[in-house]
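Subject: Structure for you to look at

Hi,

Here is the structure I promised to pass on. Please open it next to this email, and then read on for what turned up in it.

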Amino acid sequence: MTAPTEGPEAQTEKAAPSSGASAAERAAPASSRAADFGIDTTARSTGEAIRGYLTNLRGGDLGALPALLGLLALFILFTVLAPDTFPSLLNLANLLQQGAGQTIIAMGLVFVLLTGEIDLAAGTASGLTAAVMALHLVSHGNLLGAMGTPVFLLFAAVIVVAIVLAVLLRIWAGAVASAGALLLLLIGFAPNPWLEMLLAVLVGVVIGCLTGFLVAKVGMPSFVVTLALFIAWQGVILQLIGDGGTLGLRDPVINAVANGNLSTLGSWILFVVAAGGYTAVMLNRQVSRRRLGLVAQPTGLVLIKTGAVVVLAAVATYLLTVNRSPGQLVISGVPYVVPIVLVLLVVGTYVLDRTRFGRHVYAVGGNREAARRAGIDVVRIRASVFVISTAFAAIGAIIYSSKVGSVSPSAGGGNTLLFAVGGAVIGGTSLFGGRGRLSNAVIGGAVLATVNNGLGLLGQPASVVFLVNGIVLLLAAGVDVLSRRRSAVATR
C-alpha cells in the first residue's frame, strides 16, 4: 500500500529551483522547470478529463459515487412510497436536524479510520460528555454536590492524568484543552449554555487523550481499548445520571442548537458566504495549478461543476426559507445544524488536504512503517486522531441531546456508534486506512438518516429498520473491499 499522492504545494517544492540554479534556469517558465522533474504538465481537454475519471472508476477508485447514487435512489423510492410526507419541506428540514449529531460523530471517526484504527468508544464517549453538560446544568453549576466528593475528585484526577499524557505525546492542543476542562471543573461557574457546551467538548478532548495514549504509546490494539472504554464510559454515565434517571436540558440556547433556524436574511447570508467561498477556492486552485504548470481540469468543466453546486445550494436555501409549518406557527429558515456541519466540514477538510498534519494522517494510514522511516511521528499522529474524534463526538452529543431535550443513561449507546461508523464507511471512507475524506461522512450520514426517516414514515417496525441498515452497511463494506482489490490489480 503506498502513501497518498502529494498535494500541489509539495510538488511545487520539488519543482522549485535550488539556490544554486543559474539565472537562465530561474527565468525559465514554471512548466519547463516542472517538466525537468518529470511532472506531467499536459493540459487536459474535457473529454480527456472524463475519460480519465472513467478509467479511475474502472480501476477501483469509486470515492463517494456509490453513496451518492444510493442516496438518489433512496430519495426517489421514498418519494414514490410516501409522496405526502417524505418530500415535504418540514420533513426534509427535520431530516437535516435528526441526522446531524451522528453525522458529526462520523466526521470525527474519519480521522481515526484514515490511520487504519477504529474507535468503538466514540458513542458512549459522546454520551459521557453530554451527561457532564446536563449534570452541570441541572445542578446549577454544583458538580461537586451532584457527583459526590469521591467521584468528583476521581474525575479531576483523570483530567490531570490526561494533561500529563497529552504533554508526553506532545499534543499541545490536547493538553491546553484538558487544562481548560480542569479549570472549569474546579473553579465552578453558574449555569451558562455556552460554557456548558464548551465543557462538554473539553471533556471529549480529555477522553481522546486517554484513548490515544493507550493505543499509540502503549501499543494496545484500538479495537480492544475502545471496546473496553465503550463499556467503561457506559458505567460512568450510569454513575452520573443514575439507572432509569433522565437529565432535562431546559435551556433555550441548548435546545435551539438542533431545533432552531436562521432567519431568512441569515439563511441567504450563509448561502452567499458558503457559495462565494466555495467558488473562490475552486477557481483559485484552478488558476494556481495552471500558473505552476501542473495538470489541471479544463476550466470549463470546473466552472460547470462549481455552478451546479452553487445552483443546488441556492435552490435548497430558497426552499428552506419558505414557511414549512402545517399550522399557524411560522417555521422557516436554514436549521442551525447546517452551518455547524459546514464549518466542521470546511475546517476538517482544510486540515486533511492542506496541512502537514493531514498529509501525515494519510501517510500513516497508507503505510505506517514507511511513514515512520520518512521521519513522521507516527505515535503522535495516531494519538491525535483519537483526540479529534472524541472532540467531534462531543459536538455531536450536544446536537443529538438538544434534539431530544434530555440526556438519559443510554445516551451514546445503542445505535449511535453503529450509525456513526456506518456513515463514514458508507460514504466511501476505507476501513483499511489511507483513503477517505470528511465529506464521505456527510454523504454516508445522509444515507442512513434517509433510510431511518423514510422507513419511519412508512410505519416499518424496528426489526425492518435494523435489517435494512445492516444490509446497507454490509454493501458499503463489500464495495470497499472490492474496490481495493480492483485497485491492487490495476496497479500491478
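**Overall picture**

The protein chain has 22 helices and two strands. Please keep in mind that this is a predicted model. Of its 492 residues, 46% count as buried. The chain exposes about 23100 Å², and carbon and sulfur atoms supply 68% of that area. If you take the contacts between residues at least 6 apart in sequence, 77% of them join residues at least 24 apart.

**The inside**

In soluble globular proteins, nonpolar side chains tend to be buried together. Here, the largest nonpolar core has 117 residues, and Met107, Ile159, Trp233 and Val407 are the ones that touch the most other members. Apart from that core lies another one, of five residues, including Ala93, Leu270, Leu320 and Val334.

Leaving aside neighbours within four places in sequence, Val407 is in contact with Ala130, Ala131 and Ala134, with Ile241, Thr246, Leu247 and Leu249, and with Ser401.

Is Ser389 buried or exposed? Its relative accessibility is 1%, and the cut-off for buried is under 20%, so Ser389 counts as buried. Again leaving aside neighbours within four places in sequence, Ser389 is in contact with Gly108, Leu109, Val112, Asp119 and Ala122.

**Salt bridges**

How many salt bridges does the structure hold? There are six. Here are some of them.

- Arg170 and Asp377: their side chains meet at 2.5 Å, N to O. This pair links distant parts of the chain, 207 residues apart. Arg170 sits in the loop between α9 (149–168) and α10 (172–187), while Asp377 sits in the loop between α18 (368–373) and α19 (378–404). Arg170 is partly exposed, with a relative accessible area of 42%, and Asp377 is partly exposed too, at 28%.
- Arg372 and Glu369: the side chains meet at 2.4 Å, N to O. Both residues lie in helix α18, three residues apart, which is about one turn of the helix.
- Arg373 and Glu369: this salt bridge is 3.0 Å, N to O. These two residues also lie in helix α18, four residues apart, again about one turn of the helix.

Glu369 therefore counts as partly exposed, given its relative accessible area of 36%. Arg373 has a relative accessibility of 68%, above the 50% cut-off, so Arg373 counts as exposed. There is also a network: salt bridges that share partners join Glu117, Arg368 and Arg382.

Which residues make the nonpolar surface patch of about 540 Å²? They are Val218, Met220, Phe223, Val224, Leu227 and Ile231. Take Leu227 as an example: this residue lies in helix α12, which covers residues 222–241. Leu227 has a relative accessibility of 36%, which lies between the 20% and 50% cut-offs, so Leu227 counts as partly exposed.

I hope this helps you find your way around the model.

Best wishes

Terms used
Residues numbered from 1 in each chain as written. Predicted model: local features only at pLDDT ≥ 70, side-chain atom pairs only at ≥ 80, totals over all residues. Heavy atoms only, no water. Patch = residues over 30% accessible without salt bridge, like charges linked within 9 Å, V, L, I, M, F, W, Y side chains within 5 Å. Areas by Shrake-Rupley, 256 points an atom, 1.4 Å probe, with all protein chains shown as cover. Salt bridge = Lys/Arg side-chain N within 4 Å of Asp/Glu carboxyl O. Buried < 20%, exposed > 50% of the residue type's maximum accessible area, 1.4 Å probe, protein only. Core = buried A, V, L, I, M, F, W, Y, C linked by side-chain atoms within 4.5 Å. Contact = heavy atoms within 4.5 Å.
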